[in-house]
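Here are my notes on the model you asked me to look over. Have it open while you read.

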Amino acid sequence: MPFSCYSLRITVSLAALVFALGLLLQAPPLLFPSDAIFSSVIVSFVGLAAMALGMLALLLSALVTLLPGVRKRLRPCQH
């Protein structure tokens with residue numbers, strides 16, 4: 001699938017959504033400490049992984065847009 005304006009918008013939107021989900025998963029262990037430490041650590045780890053994955057997707061999409069062929073194809077995009 002060629003990298004187009006639509007796919008760039010979808011990538012950025014999904015990356016922001018995954019990052020926000022990770023942030024939401026980080027909140028319960030911080031706000032509501034419980035005796036179930038193992039489940040709290042698992043939820044926190046999944047949240048941290050989601051935040052890292054969201055940032056990685058944004059970084060990779062930014063790096064791909066620097067490629068000359070992709071940059072030429074994205075030139076007419078409305079920002």
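A few numbered points follow, starting with the ground rules.

1. This is a predicted model, so to speak with pLDDT limits attached: local features need at least 70, side-chain atom pairs count only at 80 or more, and totals for chains, interfaces and linings use all residues. Residues are numbered from 1 along each chain as its sequence is written, and side-chain values use heavy atoms, with hydrogens and water left out.

2. Start with Ser7, which is found in helix H1 (helices are DSSP runs of H or I, at least four residues, numbered from the N terminus). Ser7 is buried, at 6% relative accessible area (buried is under 20%, exposed over 50%, partly exposed in between, with a 1.4 Å probe and protein chains only). Its side chain reaches the backbone nitrogen of Ser4 at 2.8 Å.

3. Gln26 also sits in helix H1, which spans residues 5-31. Gln26 counts as buried because its relative accessibility is 17%. Leaving aside residues up to four places away in sequence, Gln26 touches Ser44, Gly47, Leu48 and Met51 (contact means heavy atoms within 4.5 Å).

4. Now go to Arg71 in helix H3, residues 68-74. With 45% relative accessibility, Arg71 counts as partly exposed. Beyond residues up to four places away in sequence, Arg71 touches Thr65 and Leu66.

5. Last one: Leu59 is found in helix H2 (residues 37-64).

Key. Helix = DSSP H or I, 4+ residues; strand = E, 2+ residues; numbered from the N terminus. Polar contact = N/O pair within 3.5 Å; in protein donor to acceptor, adjacent residues only side chain to side chain.
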